[in-house]
Amino acid sequence: MASDIEKIELDSNSFKSIDLSPLKHCQQLKVLSIHENLLEEIDLGPLSNCSNLESLYLYSNKIQSIDLTNLSHCIRLTDFQLHDNQIKVIDLSPLGSCQFIEIISLYKNNLNSIDLSPAVHWKCLRELYLFENKLTSLDLSPLFHLSKLEWLNISANELYNIDLQPLEHHEKLLVVIVSKNNLKKLNLNGLTRCLELIRLEAN
C-alpha cells in the first residue's frame, strides 16, 4: 500500500516535470530522491503529509525556483540536498521547524543572498554547503549556538567580508573553506584551536 512506502528513488532519468500528488498518501515515506534529472520546477506541496520524511534529494536538476513552505511539516528531516541547480532565491524559513536537520547542501546554484536566521533552530546541523554561488554577503551569526557543526564551505562566492566570530566556540568544527572569494581581510581569532583544515587560497 502507498501508505507503507518508505523510500522512493527516481534518480538519473530525464524527467522535466513530476507530479508528487500521490505522495500525500505516503505518510511513512522516509527518503525521496529525484536527483540527476532535468526538472525546472517542482511542487513540494504533497510533502506536507510526509511528517516522517528524513532525506530529500533534489540535486543536479535545473530547478530555478522552489517553495519550501510545506517542508515545515517534515519535522524529522535530517538531510536536504538541493545543490547543482539554478536557484537564485530561496527562503529557508520553513526549515525552522526541522530541528533534527544535519546536512544542508545548496552549493552550485545562483544564490545572490541567503538568510540563515532559521539556523538558530538547527541544533543538530553538522554540514552546511553554500559554495559556488554568487553571494556577496553572508551573516553567520545564526550559527552561533550550533555546537555540532563540523563542516562549513562558503568558497567560490563573491564575498568581500565575512565575520567568522560566531564560529569561534564550536569545538566540533573541523573544516572551514572560504577560498576563492574577494576577501580583503579575515579574522581567525578563536578558530585555529579546533580546526583540522581552513582554506583561504585565491582571495
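## A charged trio

Let's start with Glu102, which has a relative accessibility of 29% and so counts as partly exposed. This is a predicted model, and in it Glu102 makes a salt bridge with Arg126, their closest N and O atoms lying 3.2 Å apart. The two partners come from distant parts of the chain: Glu102 sits in the loop between S4 and S5, while Arg126 sits in the loop between S5 and S6, 24 residues apart. Arg126 is partly exposed too, with a relative accessible area of 24%.

Arg126 also has a salt bridge with Glu127, where the closest N and O atoms are 3.3 Å apart. Glu127 has a relative accessible area of 16%, which is under the 20% limit, so this residue is buried. Together, Glu102, Arg126 and Glu127 are linked in a network of salt bridges.

## Another salt bridge

The structure's count of salt bridges comes to 4. One of them joins Glu201 to Arg199, with the closest N and O atoms 2.5 Å apart. Glu201 is partly exposed at 34% relative accessibility, and Arg199 is partly exposed with a relative accessible area of 38%.

## The aromatic cluster

Now to the rings. A pair of aromatic rings is described by how far apart the centres are and by the angle of the planes. There are 5 aromatic pairs in the structure. In one of them, Tyr107 and Tyr129 have ring centres 6.5 Å apart and planes at 80 degrees, so the pair is edge-to-face.

Tyr129 counts as buried at 15% relative accessibility, and Phe131 is buried with a relative accessible area of 15%. Tyr107, Tyr129, Phe131 and Trp151 form one aromatic cluster.

## Negative charge on the surface

Finally, have a look at the surface, where a patch of negative charge gathers Asp19, Glu40, Glu41, Asp43, Asp67, Asp91, Asp115, Asp139 and Asp163. Among them, Asp91 is placed in the loop between strand S4 (79-81) and S5. Its relative accessibility is 47%, which lies between the 20% and 50% limits, so Asp91 counts as partly exposed.

Conventions:
Residues numbered from 1 in each chain as written. Predicted model: local features only at pLDDT ≥ 70, side-chain atom pairs only at ≥ 80, totals over all residues. Heavy atoms only, no water. Phe/Tyr/Trp six-rings, centres within 6.5 Å; stacked < 30°, edge-to-face > 60°. Buried < 20%, exposed > 50% of the residue type's maximum accessible area, 1.4 Å probe, protein only. Patch = residues over 30% accessible without salt bridge, like charges linked within 9 Å, V, L, I, M, F, W, Y side chains within 5 Å. Areas by Shrake-Rupley, 256 points an atom, 1.4 Å probe, with all protein chains shown as cover. Salt bridge = Lys/Arg side-chain N within 4 Å of Asp/Glu carboxyl O. Lys, Arg positive; Asp, Glu negative; His and termini not counted. Charge placed at Lys NZ, Arg CZ, Asp CG, Glu CD. Helix = DSSP H or I, 4+ residues; strand = E, 2+ residues; numbered from the N terminus.
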